[in-house]
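Trainee: I like to know what stands behind each label before I use it. Can we go through this model that way?

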Amino acid sequence: MKIRLFLTIAFATLTLHSISAQEQDSSTSESKEIIKTGYNFGPLPAVAFDADKGFQLGALLNIYDFGNGENYPNTRQQWYFEASFFTKGSQLYVISYDNKFMIPGIRFSTALTITNDKAMDFYGFNGYMSYFDYEKVDAGKERDDMYFYTPKYRINRLAALFKADFTGNIWKNKLFWEAGYHMSYFKVGAINREKINKNKDENKVFPDSEPTLFEQYRTWGIIPDDVADGGFNSTARVGLLYDTRDKEGAPSRGVWAEAHMILAPKWLGTTNPYYKYSATFRHYLPIVKNDKLTFAYRLNYEGSIGDDVPYYVLPYITTMGQTYDRDGMGGFRTIRGIMRNRVHGLDMASYNAEIRWRFVSFALWKQNIAFGLNLFSDGTMVTRQYDMSFGRDASEFATTAEFQAAKSEYDEYMSRGLDRDRPHVTVGAGFRFIMNQNFIVCLEYGKPVGKYHKQDGNGAFYINTGYLF
């Protein structure tokens, strides 16, 4: 289980770094909410640990511009910066910017993310069709005479993503058009065993004789040679947005629905062309007014047109606007409680549902502070499978014996998985620290449930920022 821990002492320093360009903050007689103006800053140091990536050291910064407060709690513009480094060589860099006034009548959002991950999760395709050997993973952690097995499910991946999105009004500032250009580069390969095994006891070293799942998929031809190493993507995205939320950062009522087409043709420069579509419906229902108790849910469908979508783009969930693409399904931003990237195929369906209880709200040092709790359930499933057929001929092996050995190994692996995917479901609870309706720090724990829950990991604890949706 990956544990992310942001230093909790940052909570006490958040308000000390909050700067307002104007002093005439006021409060409404009804809610006593301070109307924020000017710039507010939300810095947060970050520390994390992962057994295969090492310790994470870094920091993030949110900058919010509320202008004259006319649209508070929504912002005029905002920035997000993050830089994190892992002791075994991985890095994460994020810069994002969202602006509502630079182009008259148009919202402009851009982001650049770079992840150089020396131990990226890779569990195969089609969910439960790809068997996760949790018994060997657990044995490697608990027994002194068993090497760590988790590198079996790791790859080395460099991913650089840039986007520029534009959103414009069609009808009454509720129905909008969306258009954007997204560019990405992926470089994928097997793990660096020297780095993975760094500082491990001799009996815990992942052996050279044990192939990783990624290496096996290449040997079996499930991952073809022409896409195995990654590629360049140049894509256009177009879509429609319907948005009636009362506020963006922490909504308590309204609908937020989107539908997108993702076009990555060869003539636009894409190495391995593909076409996808996505639809997301989010609904916020107030149970007790004034944000005290809210039921919120999200339904998402990620689909592919044809069967030629390169495997390295499958884990990503389609986004436009203020947010940027992140890996899924699994983890804080998608399905909380299951392993990162545990589920991906050509088509995927997912849901998230939660009860949000804001049990206390108050003003402190000219900041709006609130604390909340939530109960949630998340779920996902592959609805159209990625082709996992054995894709090699005997002529591609040096000897007939090598071909037969590879085919036998493939047959044994496929026999351990299910014939098709089943729902992956998690349940959990969380805590929220909310400042000025936008800067939100969360602590959440999710755990898989159901007949095959051990295939999805042992649960996960997260400390992160924002609401899931």
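**Helix faces and enclosed spaces**

Mentor: Start with α4. Among the elements that cover its buried residues are β9, β10, α5 (225-228) and α6. This is a predicted model: local features need pLDDT of at least 70, side-chain atom pairs count only at pLDDT 80 or more, and totals for chains, interfaces and linings use all residues. Residues are numbered from 1 along each chain as its sequence is written, and side-chain values use heavy atoms, with hydrogens and water left out.

Trainee: What makes Q216 buried?

Mentor: Its relative accessibility is 8%, so Q216 counts as buried. The cut-offs are under 20% relative accessible area for buried, over 50% for exposed and partly exposed in between, with a 1.4 Å probe and protein chains only. Q216 sits in helix α4. Leaving out residues up to four places away in sequence, Q216 touches K152, P211 and E409. Touching here is contact, heavy atoms within 4.5 Å.

Trainee: Which residues of α4 are buried, and why are they said to line one face?

Mentor: They are L213, F214, Q216, Y217 and W220. Down the axis of α4 they fall within an arc of 160 degrees, so they line one face of the helix. The arc is taken from the directions that run from the helix axis to the C-beta atoms. After α4 comes G221, with a positive phi near 80 degrees.

Trainee: How do you know that the span of α6 is close to what is expected?

Mentor: Helix α6 (residues 400-416) has 17 residues. The expected span is 1.5 Å times one less than the number of residues.

Trainee: What puts the buried residues of α6 on the same side?

Mentor: In α6 the buried residues are A406, Y410, Y413 and M414. Their arc around the axis is only 95 degrees, which puts them on the same side of α6. The face turned away from that side carries the exposed residues A401, Q404 and S415. The cover over the buried residues of α6 includes α4 (213-220).

Trainee: Where are the buried residues of α2, and why are they placed on the same side?

Mentor: Helix α2 (residues 134-142) buries V137, A139 and G140. They cover an arc of only 165 degrees around the axis, which puts them on the same side of α2.

Trainee: How many cavities of 30 Å³ or more are there, and what makes a space a cavity?

Mentor: There are 4. A cavity is a set of points, on a 1 Å grid over the protein atoms alone, where a 1.4 Å probe fits but cannot get out; lining residues have an atom within 4 Å of a point. The largest cavity holds about 270 Å³. It is lined by 21 residues, and L161, H182, S184, R237 and D325 are the closest to its centre. The largest share of that lining, 4 residues, comes from β10.

Trainee: What is the volume of the second largest cavity?

Mentor: About 120 Å³. Of its 14 lining residues, D291, R356, W357, R358 and Y467 are the closest to the centre. β15 (347-364), β16 (367-384) and β17 (424-435) each give two or more residues to this lining.

Methods
On a 1 Å grid over the protein atoms alone, a cavity is a set of points where a 1.4 Å probe fits but cannot get out, and a pocket is an open set with protein on both sides within 12 Å along at least five of seven lines; lining residues have an atom within 4 Å of a point. Grid points are joined across faces, edges and corners, and a volume is the space filled by probe spheres set on the points.
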